Amino acid sequence: MQEQALKLEGSRASIAVIRIDSPPVNSLGHATRTALAESIQAAHAAKEVDAIVLIGAGKLFSAGADIREFDRPEVWKSPDLSELIALIERGPKPVVAAIHGMAMGGGLELALGCHARVAAHNALLALPEVKLGLLPGAGGTQRLPRLAGLTRALDMIVSGEPQTAAELQGTPLLDQVIEHEDVLLPAAVALAEQMGEHGERPMASARTVTAENADLQLAAAREQVARRTPREPAKRRCIDAVEASLLLPFEAALERELAYFHELSASSESRALRHLFFAERTAASISDIPKDTPVRPIHSAAVVGAGTMGAGIAQCLLDAGIPVKLLEASRAALDRGVATITRQYQRARDKGRIDDARMAARLKLLTPVLDYAALGDVDIVIEAVFEQFDVKSKVFQALDAVMKPGAILATNTSMLDINRLAATTGRTGDVIGTHFFSPAHVMRLLEVVRGEQTRADVLVTVMRLAKKLGKTAVVARVCDGFIGNRMIEQYLRQAGFLLEEGATPSQVDRAVEQFGLAMGPFRMSDMAGNDIGYDIRKRRSRETPSLFYSRIPDLLVETLDRKGQKVGRGWYDYQEGSYQAIPSAEVDDMIVQFREAHNLLARQISDEEIVKRLVYALVNEGYRILDDGTAQRASDIDVAYATGYGFPDTRGGPMFYADEVGLDKVLADMAVFARNPQADPAFWVPAAGLLARAEAQR
Ligand code: NAD
């Protein structure tokens, strides 16, 4: 924390400038809070200082609390954030916050405790605690409504989304918004000087909240939260806390806010969200590769195959400003691919997400080509042609022949053996899997699949590229289905068994959707195409004849020709142009007939059993994946499921969820499922890692 006394020319006032200086994001951990409190006390005590300016060192004001402290006593160690803020607000000298870059969470709460705020127009202000299942616990829910009004405060606190200073201009929240960051400090000093001269120390806590139709606004916010995010108690509490700013004296409302904060930080939802927050950051690190591994430059890329995935992948690269050559087998397919990309951009423009200039700039980076020779100069090629080994290996050989030395050859295969594919080239070390999810330009998850020969720098380069593309990358090793699809296969097998035993597709879907999954297994299969799952099962049965599947999903395709949404009929019926799943009597009849033909007894299956069987199927396979090293760590599996498979964030991913339930309980339930006379007992044999961790938990 630097402190310096500034004297402006022609001025008698003397201003202490205090910098929040804890790189990289000026988080407010205990050491920083202590240093700030000491600097402020020193400035209060110094006779020559009339007023104080608080500013962030480096690129921002402050990103807020050090969330690593959340589960440790340090977070409440004196001076805690509320004490620091009280020291400023109640102190004898005016303090002006000078905000650039961002003031988030505790950083913004700190600024709200100052007597005035000056911000660069593009600075981002947010109270994002709700995204971790919490609420601002250092007065944010009380001071923001007083400074920004009820409507804005509700919106910012309940959504957690940032607003720019320019958007907040005109409210008492910001005394001044400046165009250029380089005049931020002088502007803040000038204001502090003025305030020092007049002894002004306006306190947010002394204001009253301005609100029109407060009751209506609160009711509308509650209704929206109940409808859209019923499983997020933090959002409800955010509204309760903001309401307290209208109903209670400031100090009492602060106590209420703090009580809610403690309640939420102990909630399973917040624990899950905090787990995922750290898990996402941890996923980027690769345990066995040195941190200083060099990264290869990626200035240009190519995508081969411009179908569903190729077009989406090309768009991701274009969005990141990387020039892309798009190669197809025929002119017609190439034109289709370019048209898909153009259409996607037009849609984004029509929705106001990008403007014409940006759309044109991105499309300008796209070069459609038909000849492999054109790919000789690119730094990486991502292949997204048909999922057939022979087709892919021919493409790989053609690429290998033209690509420059050191260029990376990536495949978007869903299941094929990347080691075998790599072996068809003369550059096995440069081959890697990049498994995007559909739609590729929207879905956050990217599985980065390292082959046996993949070089460390290739892996690191692709992880870096993933970040540039805005993806959350998780490293997997080569196996059938990698992490996500290998687990989903067990989940889908179990869903098939549930039908045999008496459940209907809509009951199964409803049960897991109520648990919080974005989509149940049957709606998901209809979306992906039931014929695709059919082909996978046929192949798996050939390769592993001991693997037992229900025949019901096969009959859906073989006898009823219900391929899914794309043909308007799958597990459900679909009306033209609608994704609404309508339960089908034809499917229900087929299932009943199947049970009769095979002497299967139908029973009432509870929603609780459905959820447990499907989720524990994921968990057990997740542990197998850890046992054989396909995933680096359990938290990577959680990240994959939360970002790519619609597993609810507030449950933290399947592995975290199983821990929360308690692995002993999970194992006991699995043993019950294995004793079910209609079950495949092999299914429920616990993975070695699951047994070991349960033992450790004991
Ligand atoms: P798609 O059928 O939509 O597109 C494949 C494209 O490849 C077609 O446009 C085709 O003309 C082109 N192509 C075929 N052979 C070619 C060749 N020799 N040279 C150049 N182009 C050629 O398929 P898709 O759904 O985009 O899948 C592509 C790959 O992505 C597959 O490996 C698939 O397993 C994988 N994948 C698909 C999804 C998904 O949800 N669709 C998700 C993840 C991964």
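## Arginine 693 and aspartate 659

Arginine 693 has a relative accessible area of 39%, so it is partly exposed. This value, like the others in this report, comes from a predicted model. Aspartate 659 is also classed as partly exposed, at 24% relative accessibility.

Arginine 693 and aspartate 659 form a salt bridge, and their closest N and O atoms are 2.6 Å apart. The two residues lie in distant parts of the chain, 34 residues apart. Arginine 693 belongs to helix 28 (residues 688–697), and aspartate 659 belongs to helix 26 (residues 654–661).

The structure has a count of 53 salt bridges. One of them joins arginine 237 to glutamate 263, with 2.8 Å between the closest N and O atoms. Because arginine 237 sits in helix 9 (residues 233–247) and glutamate 263 in helix 10 (residues 250–265), this pair ties together parts that are 26 residues apart in sequence.

Arginine 237 is partly exposed at 23% relative accessibility. Glutamate 263 is partly exposed too, with a relative accessible area of 40%. Both residues take part in a network of salt bridges that links Arg222, Arg237, Asp240, Glu243 and Glu263.

## Arginine 562 and aspartate 573

A salt bridge also connects arginine 562 with aspartate 573, where the closest N and O atoms are 2.9 Å apart. Arginine 562 is in the loop between helix 22 (552–558) and strand 18 (572–573), while aspartate 573 is in strand 18 itself, so the pair ties together parts that are 11 residues apart in sequence.

Aspartate 573 has a relative accessible area of 26% and is partly exposed.

## A buried asparagine in a loop

Asparagine 412 is placed in the loop between strand 14 (408–411) and helix 16 (418–423). Its relative accessibility is 6%, so asparagine 412 counts as buried. The side chain of asparagine 412 reaches the backbone nitrogen of phenylalanine 436, at 2.8 Å.

## A positive patch on the surface

Which residues gather in a patch of positive charge on the surface? They are Arg343, Arg347, Lys351 and Arg353. Among them, lysine 351 is found in the loop that runs between helix 13 (331–350) and helix 14 (356–364). Lysine 351 has a relative accessible area of 58%, which means that it is exposed, as the cut-off for exposed is over 50%.

Key:
Residues numbered from 1 in each chain as written. Predicted model: local features only at pLDDT ≥ 70, side-chain atom pairs only at ≥ 80, totals over all residues. Heavy atoms only, no water. Patch = residues over 30% accessible without salt bridge, like charges linked within 9 Å, V, L, I, M, F, W, Y side chains within 5 Å. Areas by Shrake-Rupley, 256 points an atom, 1.4 Å probe, with all protein chains shown as cover. Salt bridge = Lys/Arg side-chain N within 4 Å of Asp/Glu carboxyl O. Lys, Arg positive; Asp, Glu negative; His and termini not counted. Charge placed at Lys NZ, Arg CZ, Asp CG, Glu CD. Helix = DSSP H or I, 4+ residues; strand = E, 2+ residues; numbered from the N terminus. Buried < 20%, exposed > 50% of the residue type's maximum accessible area, 1.4 Å probe, protein only. Polar contact = N/O pair within 3.5 Å; in protein donor to acceptor, adjacent residues only side chain to side chain.
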